[in-house]
Amino acid sequence: MVSGVNSVVPVLCFRAAADQRMIKFVLMVNRQGQTRLSRYYQPVELSRRAALEADVVRCCLTRKKDQCSFVEYKDFKLVYRQYAALYIVVGVTDTENELSIYELVHNFVEVLDKYFSRVSELDIMFNLDRVHIILDEMIQNGHIVETNKSRILAPLTALDKMADG
Amino acid sequence: MSDVVEKTLTALPSLLSLDSQPGSAKLSSTSKLGNLIRGITELTSKHEEEKLIQRELASIKEQVSSPNTSMRQMKELMVRAIYCESLGYEASFSYIHAIKLAQQGTVLEKRVGYLAVSLFLNESHELLLLLVNTVLKDLQSTNLIEVCMALTVVSQMFPKDMIPAILPLVEEKLNHPKEIIRRKAVLALYKFYLIAPNQVQHIHNKFRKALCDKDPGVMTASLHIYLQMIQENPEGYKDLTASFVTILKQVVGGKLPMDFNYHSVPAPWLQIQLLRILSLLGKNDQSTSEIMYEVLDESLRRAEMNHNITYAILYECVKCIYTIHPKSDLLEKAAKCIGNFVLSPKINLKYLGLKALTYVVQQDPKLALQHQMTIIECLDHPDLIIKRETLELLFRITNAQNVTVIVEKMLEFLHSNTDDYTTIDLVGKVAELAEKYAPGNEWFIETMNTVFSVGGDMMQPDIPNSFLKLLSEGFDTVEEDRKLRLFAVDSYVSLLQGEPGKLPQRFLQVISWVLGEYSHLREELEPATVMRLLAKLLDMKQTSSETKSWVLLAMTKLVRAGQVFQSAQEVSETYGSSMDTVLRQRAQELQHLSQDCELRARVLPQDAGLEPLEVDSSLSFLDGFVSEALAAGAAPYKPPHQRQEELAQAKALSLEPYGLSLPISMSSCSIADRQSPTLLSMSSGLSGDSTDLSHKGSSTTLKLDGVKRVWGREGYLAQREAVEEAAQVEVPSPLRSPSQQAEADSSHSQTPTPTPTPEPDQEKQQLASSLFFGLSSQSSVCLMGKSEPTPQRFRRKAKGQASSSGAAEQISNSLVSAPSAVDNFLCNNLLDSNITSQVGISSSEQTSELSQGPATTNGTCDTEAESTDGDIKGSNPSLIIGDNGLVAADPTPHKDPGSPKDFCLSSHLPAELSELCRSEITPLCSNQSLGLSACHVHKEDSLVLVVFITNSSDAAIRQILLDLDSEQLQVSCVSDSPVEDVTSHSVAMHQFSLTVKRPSVHVEVVGMVSYQLPVGTPQEVQFSYKLPLTSFIRPLTVSTEEYGTMWLSFSHDTKQNLTLISDGEEPLTATLNVLKEKLQLHIVEIIGMEGIIACQLLRDQPCLMHCRVHADVLAVWLRSPVPDLPDCLIYHCQRALQEH
């Protein structure tokens, strides 16, 4: 194949862009394929989301328990983790450390568990706003910004207290 | 995972069926959201869901706009709207209410308002501007929770242009006593850095403070900024290495508070982040790497606990160790670590191990040897992703010895694969390996056959392109080339004799081209046979019309043999009336060329594939045509910038380098753009309607560009089924014969290889030996393709490489430059060109000079004493060369030989100016009482025009008023109190500072002097002074990086080919130096065949120039934010080179 010609300008134009490591989206879907929560860190048109989500879920549902928790999907990777009937799927770029994302998902679930004291799918469904607030504390712009459980929950508990009081 | 979570989640279905959820305060299943969700969950069809959601949205819409809705209810409504949107139903009516909620709500309501905004709007949504005030207010709030929310939303999304409005407030928060506020402020600044790095340039030292913050959370947040900055410029942050190392040491050593632990591992994600930063800093830098060896060692040691997260850290650690400057004992430990990964029974770890190995083998291919048996096992793993990752690994260790086995494995995978993306990716890799390492013609052609039939119409278009290019350009020996082509012909003929209906269109196109071009090489092959096979393709109904064009073209080439005249006629008759215009044109060409042997021989010369076609870029052969067209009333040519301006209104800035930025209006250009094999025919000499037929022979560059264009992306997913079918029946896969394998095996046995698995079976052993052949220790250094021990088979000729690299640009350049050449020609024809014989003077200049004539001689009376200062001491002659010829008129006629005195005008120049370089002093006009002369002086940051008023009368001249005006220039008077009176026989001097308002090739100042003689009425004299744009050009010193950013932000550009200067030294450098000297440009950098240059037009109007050598011309691309500047500058570059 023709190797890239050593060209000054294009190299400058596209620096770093290809190597950007990031989380593209976080999805919470149940086994029936119903989206419980979705958060995109890269703009995806609303009209394309439903199809993408259905596709992603299909990808993960067809996999067996003993198979790898990482799947190749288009030009990026999916990292998924199953909790009973609920799947949490994270779309990441190829350069991301899949295992660390896999554990991040669990950290997220543990935070939810701590907040809702024994989290269930119902908690997530009926407290969509709170789950989003928790997720916002953990991931911003596709990067992990906080993993310390008590710090993740601090703003939300403060809000709850004020709302009660 | 905690068992509790598992249990609760398992119990969920039964919970769902309950109508209400007693006991839990947070569950609001009786709420409207609860009803909605339950409703949706119970639905069975998509259609019902849609109906339900539409009803829900209607109800939300009604309520949000009602004035009685409280903020509490509004919050509830927003959550429902969020839910609807997350199911894919737009609720755009609620966006504005989300903003309102953020504005007016309290605590949780406000937070939900912000949340809804961040979910609903994208970063460029205009409604976001309405949020700015709310954010501003909340940032100033005394309620920390509100400040917190505002900072959160800012770090998620904020309009770029409004950053200055809140930046001071955010900066202030960096000193806030609460860690959470400081942390969020840092994250907000990180966001600013991402979207507008220039805005936060000044607070870099505050980032450092954040890095040293006593709170680990704030420090962690600052690492995001550092990772980003270090990625962009690792050199700038080497001094921080020790700090990062210390932080990592403390984290690893468990110095952080307990709540940072995750499953008793201290802050794992922080460790990963730090390791990434360290690997960036230590890359290719021994001394920096040395600082981190110790901590890396410790990280490896500490991460012994058997938990996923420790493996995630280890993976990052291994990557870091293999990225930085190597240290042997660390490498050893890291290698052992990878071993643990790959051998792990846990599949996720195995995957990560393979990924690590893939990364590592690029540095050390020997490592693959250690794990060869595991790799073999992974190749047959039931999980596709493991297989896929293994192939990725094999791809990295491919060499000339193991290529056949690896490619075979890849093709095997391809045959069973159903995912398009994987197919496209793998097909590209196979093609790359085949081209690089093919062991023989047969293998190469057969592998490519599989690639084409499997990759079908999905694969990257450059695969068939570069294949055809390879075939046509040939390699080192003529005989080998012939053999390869022959083999291709044979292979394709037999394919067509089989079931061509199952082949993808792209493959058929390749086949047609090859048969058309090379089937004559096989002498025993009757052209009639080939013709018949091709005709069969035309008759198949699944053949696309694009492919048919290719077939027709191939036929056109075949008719030279003569015997097939009859069938050619039949075909051309059938398609001569096709509705497809391209097809019809092909058919017409076929018809005409099959009848006219002489013409065909000129148009499609046999075996002329390698001689480059000489392109007459001036299109001089069009001269007659153009003048006729003009005479018939055709619209005259528009210069590029004018067209571009028109275009700019319609089209946004094109970021694509080398994209054609100009609309192409010339008929000759549209030929090149057609979606058909036209260019193939053009390449062989048939250049559409108007190209001079005397330029025969064909050009590889043109031809291959043509090929590229022909394969558009439009056929991307079409023909999918056909491809799959084809994949099964098609082409025998290039299996290795057992004897070959045995051969490889025996040769391998010489190299001792440690095999970790105790009892590998015979078959796997064999596979291993063939896979890892060539990875043995003695040749390990040169395995990674950097320097192959065996020469690459299909190494192209140097000529081919040079020409191919610039193919696309050459085309576009000639397209752009051609019209301007025509322009010159047109003007030369229309105006009488013998006015001046000056070389290189442009027509536009001529016209203006003509019109300028009367103005210059506006001085009323006879000339008296007027002299020019001949000496140009202290000035740089090269700067003036261009100027002299252009200033008004030739000074000599004005000079009165009988003049009594010659004032040495230059002595009147002020001291600060006389040292600088300047133009000659030129007389402007004169009469019996006074004379005017002028010169311009180049100052570093400005251009000064000096006008001398000489009183040649015996009386004093009073009330002199000098007024300058210019369309293109901004003129400002330098001296505060201009001289109004000039005594007898003396000189007064006026200085004006000039800057360019609107660039033009030459700029002109028109002036008027009014004065009062002792007797009589006030008098007036008019004059004009012309100077080239180059006087305003100054070098612009920028770095290559700055150049890169600037380049992207400039919207006006132009491209042209210039002639290279080749007197002795390296032509590019020589040419650029001439430009530098004559035009005052700054050469930023010269890399290989390219150079980048920067200059500025006074004041501060940059213009960038990118030059690249193609054959014997210099392709120049100029960009600037100023319209017209690139065009003007290119003109001066041309002149400067001509005059050289």
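The entries below follow the order in which I looked things up.

**Conventions.** I worked from a predicted model, in which local features need pLDDT of at least 70 and side-chain atom pairs count only at pLDDT 80 or more, while totals for chains, interfaces and linings use all residues. Residues are numbered from 1 along each chain as its sequence is written, chains are lettered from A and ligands numbered from 1 in the order in which they are written, and side-chain values use heavy atoms, with hydrogens and water left out.

**Interface.** I looked up the contact (heavy atoms within 4.5 Å) and noted 85 residues from chain A and 108 residues from chain B. For the buried area, which is the accessible area (1.4 Å probe) that two parts lose on being put together, summed over both, I wrote down about 8700 Å² between chain A and chain B, with 60% of it on carbon and sulfur atoms.

I then listed polar contacts, that is, pairs of N or O atoms within 3.5 Å, where within protein one must be able to donate a hydrogen and the other to accept it, and residues adjacent in sequence count only if both atoms are side-chain atoms; 30 residue pairs across the interface of chain A and chain B qualify, both residues being at pLDDT 80 or more. On the side of chain A that touches chain B, helix H3 (residues 98–116) of chain A gives the largest share, 13 residues; helices here are DSSP runs (H or I, at least four residues), as are strands (E, at least two), numbered from the N terminus.

**Salt bridges.** With a side-chain nitrogen of Lys or Arg within 4 Å of a carboxyl oxygen of Asp or Glu as the rule, I found 48 salt bridges over all chains and ten between chain A and chain B. Arg276(B) pairs in this way with Glu96(A), their closest N and O atoms lying 2.8 Å apart.

**Sheet.** Counting two strands as paired if DSSP finds at least two bridges between them, I traced an open, antiparallel sheet of three strands in chain B, in the order S6-S9-S10. Strand S6 (958–965) and strand S10 (1019–1028) of chain B stand at the edges with a single partner strand each, so one side of each is left without a neighbour in the sheet. Ten bridges join strand S9 (residues 1002–1012) of chain B to S10(B), and I recorded Ser1024(B) in S10(B) as the bridge partner of Val1006(B).
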